[in-house]
Amino acid sequence: MAKKLKAVNDFQANLIWIGKSWAQVDGLAKAKGETVYADDMFLPRMLYAKMLRSPHPHARIKSIDVSRALKRPGVVAVMTGKELPIPFGILPVSQDEEALCVEKVRMIGDPVAAVAAIDEETAEAALEDIVVEYEILPSILSIEEGLKELEESELADAQIHKYADSGNIHKQVALEFGDTESGFAEADFLREELFYYEGNTHLPMEQHSAVGQHGADGRVTLWSSTQTPHYVHRALAKVLEMPASQIRVIATPVGGGFGGKTDPFQHEIVVCKLAMMTGRPVKMTLTREEVFYTHRGRHPVLMWVKAGMKSDGSITALHFRNFLDGGAYGSYGVASTFYTGALQTVTYPIANYKFEAMRVFTNKAPCGPKRGHGTPQPRFALEVLLDKFAEDLNLDPAELRLRHLIPDNSLTVNHLTVTTNGLGECIRKVTEASKFKQKRTASISGKGFGLGCGSYLSGAGLPIYWNKMPHSGVQIKIDRGGGVTVFCGSTDIGQGSNSVLAGIVAEELGIHLQHVIVVTADTDLTPVDLGSYSSRVTLMTGNAAIAAARPLREKILTAASEVLKIPAGELTIRNGNIGKLNSSGERVSFEDAVQWAETKFGTLGSVGSYTPPRRGGKFKGAGVGPSPNYSYSACVAEVTCDAETGLYRVDKIWLAHDIGQAINEKLVIGQVEGSVYMGLSEAMMEEQVYRTGKSGSSGIAGPAGLHKIPSMLDYKSLTSLDMPEVETILVETHDPEGPYGAKEAGQGPLLPVMPAIANAIYNAVGVRVDEVPITPEKIFQGLQDLNKGKSGRIGPKKFPNVTFPEPLHIDPPSSG
Amino acid sequence: MKQLISLKINGESHEVWTSTHKTLLEVLREDLRLTGTKHGCELGECGACSVLIDGESILSCLVLPVEVQRRDIQTIEGLAETGSSGADVKSHPLQTAFAEQGASQCGYCSPAMLMTAKALLDKNPNPDSQEIRQALSGTLCRCTGYSKIIEAVEQAAAEVQKGAALG
């Protein structure tokens, strides 16, 4: 169910595809089972690979004996980390992963050896033939343990990575914009709160899978379920020590990504190397358990927040202090750390802002980017905090927010540029649709309404590795028969980026979608697009596609103008015909006009690229946060909670999203509904958790550091029976930076869901759960607490006492 | 140990010489290359491998082929309507509805969702939304939030009803 609010103008009234609803270009192939995912590939003489994984959370590898495995019939090759010693990683500052561990393992599930055999079963059996001698090292399994200062003598054994800022503190950040202390002094109300957000994982339906091939021409081809073929291409060139021109990476259709297939991975590198060693194609598909170890999901974050507010509701100062449990490797962690501070400022004006964070290494699966990357945790804290302030001020929570919104064309305290902000409209529409003001009562009735808001970037302003090249490139060629082929490195992970690309080119060239052929995500064929992450694709490839299509449109109109003897300025292409703008006179087909254009100009092809505007402050760390534009979302949740047991049901979700301009309305609504689902699932139940205990200890169910629930049955997620009705409202702000005014849709709508649920539960039963997930058990504890006459607040009670470095002081833009 | 197994899949007979311990899922995908049927866990938890056996939606990762010899197995590849020659005539209304409604995002759970929905519609041509939710609850989807899938099944049900009325 969806409603759309639209500012109609002449430009929009003339659009054929943009803003309408049409089927995904690859939708029917998916419904017919035709789509070939990575594991669906079978090449002649293909071998199957498996990796032997560490049973210890932290251990030195003393020796690996593969001799018995090599003798097993059916085994074609066995490799260890010595074959590929060059480290890699997604960020240049954390090249800390190895294809197979060389000196030590840092988590249960770290791979140490790989086997290629004639079938999967033989490969798996051969893993048991490999003998690894480990020396157990102390394991670090919590934020508190990770923060512990290490003596010089402890470093060799207890430090997970030598390059950490100190001990096991991977990265520490301290920034202050303005003067928070004087901001607090000006406040009428002060609050200091602790929040905890548990880690959770992407759980894509498709397990990671990759096929490597070493051709007769000496070139290596990798087919992989990846969101970022370009970054995988770079990692392969580095680790295999081959020129990138000798490597081809093809992203197969991705069966669910959500950020979980955005790093270069060990199995991708290993299949290429095994293909080179054996001269045969090699496939590796991870088991579901292995997918849980591969992870890169939501960081567990422990937060301390202090905020000052005037009696009018304006925020005088905000101070966030975050600890992130990073797991065993860097992944996107440095970016994640900055993201836990960067985007709190783009919704409501904050006069003074201080942000301090530490990411610690622990001996668990590495965390990274999951839908919302680093922003859901602090956004949860901020939106629950505002709910508490609204109560202090005796104000409606919607009213509190509506009074204080970042204006269009403004700079935030941390130097981010906000071009358009549709949050006010989102809040108004979502509260009207849900009758929030009328239905939400202060009395404890078991029925509750909660509001949450959020904002997300439409693409990171900077690439992962430092360069000034375009972020997205599109190439178009037109066949004499009128077929238009669009080449782009962008990767469809189900969000519909292929459809966006086709729709924009069809719109620009005035033809039907069926004449547009999309070729994507192949480093041999397609210009670089940085990949499907940071919600960047619609905005960036969309702009690149427009840039590529317009010169071709000009050529076609010019050629038609000469033949028809009508000035080009009076011609247009519409519905596959070229004719006068006022529809009078002769019309010719697109196909004929294309042939005239090829006669006049030669082969018809063009390129277009997009580079985001250079924005943001000049301080260290200013690279994380800037984006061409920001999407805004507001969510109302209605819940019914049993005041005795804490069991609750989500009755309905209303979500309004500032999409700028929908390219394909149906796909946008699909992204909103999917985000609401994923947000609800993590708000209510999802947890990536590990066995605790003393370092090296082992219970009957496994050692400390072992994933507790690496299966789809035990790792709970919402089913079709649990999912409530979602009412989506699209708000269009027509942002000047986006293609036709578009913003992102894939991540932003998730952000307000978790705090909306927390606020609704409080409204229903008076229990504050200041952590995620919000389980009935926690609500039950809160209810018991209330019955004893206490606060009924459930959440972290302790916060590590750690000294942060002196913050970097930056003046807010207004004072400069 | 290998054995010759006779399977009837999408109306066609297949004789497969294969290991007896392989699951139906593995035989479909690896021996017969019917890769439309997917896998998400191979432990009977996610529902992605559902196929129809005598019209019932069954997890193919929990079935041994020897158990289902000569029974009527239907996979996503056999969902389209076929003519007497065996040629595909047109997409099943569920397939069209999935494409039109945007019920497939990544598409990985779609074959299982579609086969399970077919089993439902064959038994109950006019299910309400709760019955659809119930029928599909064993198959996980991480993209859509299920809304568009349920709307697509409703659309297909209406389509099938209309077809039956005309026929």
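Which residues does A:Ile757 touch, leaving aside those up to four places away in sequence? In this predicted model, A:Ile757 touches A:Gly450, A:Ala637, A:Val639, A:Val650, A:Ala683 and A:Ile774. A:Ile757 is also one of the residues with the most contacts inside the largest nonpolar core, a set of 295 residues in which A:Ala49, A:Val486, A:Val505 and A:Ile761 are named beside it. The largest share of this core, 14 residues, is given by helix 17 of chain A, which covers residues 537–564.

The domain assignment divides chain A into domain 1 (38–137 + 202–294), domain 2 (174–200 + 297–461 + 619–688 + 722–794) and domain 3 (469–610). Between domain 2 and domain 3 of chain A, the C-alpha centres lie 39 Å apart, and 17 residues of domain 2 are in contact with 16 residues of domain 3. On the domain 2 side of this contact, the elements that give two or more residues are strand 19 (447–457) and helix 19 of chain A, and by class that side has nine nonpolar, seven polar and one charged residues.

One sheet of chain A is open and is formed by seven strands in the order 4-6-2-13-10-11-12, with mixed pairing. Its edges are strand 4 (75–80) and strand 12 (247–251) of chain A, each of which pairs on one side only, and neighbouring strands of the sheet are turned against each other by 20° on average, direction ignored. Strand 4 and strand 6 (residues 111–117) of chain A run antiparallel and are joined by five bridges; A:Val78 stands opposite A:Val115 of strand 6. Helix 4 (residues 120–127) of chain A packs on this sheet, where it touches strand 2 (47–53), strand 4 and strand 6, and its direction makes about 25° with that of strand 2. Helix 9 (residues 266–278) of chain A lies across strand 2, strand 4, strand 6, strand 10, strand 11 and strand 13 (282–285), running at about 30° to strand 10.

In the loop between strand 10 (209–214) and strand 11 (220–224) of chain A, the reader will find A:Asp217. A:Asp217 counts as exposed because 6 other C-beta atoms lie within 10 Å, where the limit for an exposed residue is 12 or fewer. From A:Asp217 to A:Lys798 the separation is 581 residues in sequence and 61 Å in space, C-alpha to C-alpha.

Another open sheet of seven strands in chain A has the order 33-9-14-15-16-8-35, again with mixed pairing. Strand 33 (771–772) and strand 35 (808–810) of chain A each have a single partner strand, so one side of each is left without a neighbour in the sheet. Strand 35 pairs with strand 8 (residues 169–177) of chain A in the parallel sense over three bridges, and A:Leu175 has A:Leu808 of strand 35 as its bridge partner. Helix 12 (residues 376–393) of chain A lies across strand 9 (189–197), strand 14 (301–309), strand 15 (315–325) and strand 33, running at about 145° to strand 9.

Finally, chain A meets chain B, with 41 residues of chain A in contact with 40 residues of chain B. The elements that give two or more residues to the chain A side are helix 2 (27–31) and helix 19 (665–684) of chain A, and helix 19 gives the largest share, seven residues. By class, this side of chain A has 19 nonpolar, 15 polar and seven charged residues.

Notes. Residues numbered from 1 in each chain as written. Chains lettered and ligands numbered in written order. Predicted model: local features only at pLDDT ≥ 70, side-chain atom pairs only at ≥ 80, totals over all residues. Contact = placed C-beta atoms within 7 Å. Helix = DSSP H or I, 4+ residues; strand = E, 2+ residues; numbered from the N terminus. Nonpolar A, V, L, I, M, F, W, Y, C, P; charged D, E, K, R; others polar. Buried ≥ 20, exposed ≤ 12 C-beta atoms within 10 Å, placed from the backbone. Core = buried A, V, L, I, M, F, W, Y, C linked by C-beta atoms within 7 Å. Pairing = 2+ DSSP bridges. Axes fitted to C-alpha atoms, helices over the stretch in contact; angles between N-to-C directions. Domains from an automatic or database assignment.
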